Amino acid sequence: MLGVIKMDKKKVLKPIDEMLSESWQVDIQELFAAFANAPDEIKKNLYDALYIYILKKKQADISNRPGSVVCP
């Protein structure tokens, strides 16, 4: 096929999976800065989605800790 690029899924998906599974290792401020400074709209949307995902994951980790109180 013309114009089709083969990707090695291990090289592409492994770093993404590692980042998403280890949310506390991600610098959320750096991710937000990447979102704010992205010149390309598609990259901006990607960084925004990653930022929201990591933020929600961190919030869920905190709220699931024993003794954690969630106020309405």
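This is a predicted model: local features need pLDDT of at least 70, side-chain atom pairs count only at pLDDT 80 or more; totals for chains, interfaces and linings use all residues.
**Lys58 and its surroundings**

- You'll find Lys58 in helix 3.
- So what does the side chain of Lys58 reach at 3.2 Å? It's the backbone oxygen of Val26.
- Leaving out residues up to four places away in sequence, Lys58 touches Ser23, Trp24, Val26 and Ile28.

**Helix 3 itself**

- Helix 3 covers residues 41–63, which is 23 residues.
- How far apart should its ends be? At 1.5 Å a residue, the helix should span 33 Å, and its end C-alpha atoms are 33 Å apart, so the two agree.
- Asp40 caps the N-terminal end of helix 3, with a side-chain oxygen 3.3 Å from the backbone nitrogen of Ile42.
- Which residues of helix 3 are buried? They are Leu50, Ile54 and Lys58.
- Here's a handy bit of background: an α-helix has 3.6 residues a turn, so residues three or four places apart point the same way.

- Lys56 and Ser23 are 33 residues apart in sequence, while their C-alpha atoms are 9.6 Å apart in space.
- Lys44 is another helix 3 residue, and with a relative accessible area of 22% it is partly exposed.
- Setting aside residues up to four places away in sequence, Lys44 touches Phe35, Ala36 and Ala38.
- From Lys44 to Phe32 is 12 residues in sequence and 9.7 Å in space, C-alpha to C-alpha.

**The chain as a whole**

- The chain has three helices and zero strands, so reading from the N terminus on, the elements run α-α-α.
- Of the 72 residues in the chain, 11% are buried.
- The accessible surface comes to about 6400 Å², and 60% of it belongs to carbon and sulfur atoms.
- Take the contacts between residues at least 6 apart in sequence: 56% of them join residues at least 24 apart.

Key
Residues are numbered from 1 along each chain as its sequence is written. Side-chain values use heavy atoms; hydrogens and water are left out. Helices (H or I, at least four residues) and strands (E, at least two) are DSSP runs, numbered from the N terminus. The expected span of a helix is 1.5 Å times one less than its number of residues. Buried means under 20% relative accessible area, exposed over 50%, partly exposed in between (1.4 Å probe, protein chains only). A polar contact is a pair of N or O atoms within 3.5 Å; within protein, one must be able to donate a hydrogen and the other to accept it, and residues adjacent in sequence count only if both atoms are side-chain atoms. Contact means heavy atoms within 4.5 Å. Accessible areas come from the Shrake-Rupley method with a 1.4 Å probe; for residues, only the protein chains shown count as cover.
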